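Colleague: I have a new model open and I'd like to learn how to read it. Could you walk me through a feature or two?

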Amino acid sequence: VQLQASGGGLVQAGGSLRLSCATSRRTFSSLAIGWFRQAPGKEREFVVGVSWSGASTYYADSVKGRFTISRDNAKNTVYLHMNSLKPEDTAVYYCAARTGISSRYEEYDYWGQGTQVTVSS
């Protein structure tokens, strides 16, 4: 299972970014996808997850109302739309896959390489 995360960058506070997690058709149609982030010196933190069907989503409280996860079936890609970004959102963002949504990073079997998001104040 391969996951390719992309879309990170430098943005000012209040701005927006869209991260992408591309994978194979088989993975996309059978596994839940989660986004996590890790800031320097901190533990990896759950951000949001979506079921393989897209019917279920689960957001961390810290991003509710600002971040949205979506799936593009034609491109086998999961997107993380990030709005109203704050400096505390600065981290390396990872996408991961497993058989069902979980907020625990230890339960994910497959990981992408990470993409850096930096929010300046």
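This is a predicted model: local features need pLDDT of at least 70, side-chain atom pairs count only at pLDDT 80 or more; totals for chains, interfaces and linings use all residues.

Colleague: What holds strands together in a sheet?

Modeller: In general, strands of a sheet pair through backbone hydrogen bonds, and the pairing can be parallel or antiparallel.

Colleague: Which strand order does the open sheet of four strands have?

Modeller: The order is E1-E3-E8-E7, and the pairing is antiparallel. Strand E1 (3–6) and strand E7 (67–72) are the edge strands, each pairing on one side only. From one strand to the next, the twist averages 15 degrees.

Colleague: What should I look at in the hairpin of E7 and E8?

Modeller: Four residues lie between the strands there, and Asn-76 takes a positive phi near 50 degrees. Hold on to Asn-76, as we'll meet that residue again in the contacts of Arg-25.

Colleague: Okay, where does Arg-25 lie?

Modeller: Arg-25 is in helix H1, which covers residues 25–28. Leaving out neighbours within four places in sequence, Arg-25 is in contact with Asn-73 and Asn-76. Its side chain reaches the backbone oxygen of Asn-73 at 3.0 Å. With Asn-76 the link is side chain to side chain, a polar contact of 3.0 Å.

Colleague: How about Thr-23: buried or exposed?

Modeller: Thr-23 counts as buried because its relative accessibility is 13%, and buried means under 20%. Thr-23 belongs to strand E3 (residues 17–23). A polar atom of the Thr-23 side chain lies 2.8 Å from the backbone oxygen of Gln-2. Not counting residues up to four places away in sequence, Thr-23 touches Gln-2, Leu-3, Phe-28 and Asn-76.

Colleague: Now zoom out for me. How many helices and strands does the chain have?

Modeller: There is one helix, along with 11 strands. Along the sequence they follow the pattern β-β-β-α-β-β-β-β-β-β-β-β. The radius of gyration is 13 Å, close to the 14 Å that the globule rule gives for 121 residues, so the chain is as compact as a globular protein of that length.

Colleague: What does the C-alpha trace span along its principal axes?

Modeller: About 40 × 30 × 25 Å. Of the 121 residues, 45% count as buried. The chain exposes about 6,200 Å², with carbon and sulfur atoms supplying 45% of that area.

Colleague: And how do the contacts divide up along the sequence?

Modeller: Take the contacts with a separation of 6 or more: residues 24 or more positions apart account for 57% of them.

Conventions: Residues are numbered from 1 along each chain as its sequence is written. Side-chain values use heavy atoms; hydrogens and water are left out. Helices (H or I, at least four residues) and strands (E, at least two) are DSSP runs, numbered from the N terminus. Contact means heavy atoms within 4.5 Å. A polar contact is a pair of N or O atoms within 3.5 Å; within protein, one must be able to donate a hydrogen and the other to accept it, and residues adjacent in sequence count only if both atoms are side-chain atoms. Buried means under 20% relative accessible area, exposed over 50%, partly exposed in between (1.4 Å probe, protein chains only). Two strands pair if DSSP finds at least two bridges between them. Axes are lines fitted to C-alpha atoms, for helices over the stretch in contact, and angles run from 0 to 180 degrees between N-to-C directions. The radius of gyration is taken over C-alpha atoms; the globule rule is 2.2 Å times the number of residues to the power 0.38. Accessible areas come from the Shrake-Rupley method with a 1.4 Å probe; for residues, only the protein chains shown count as cover.
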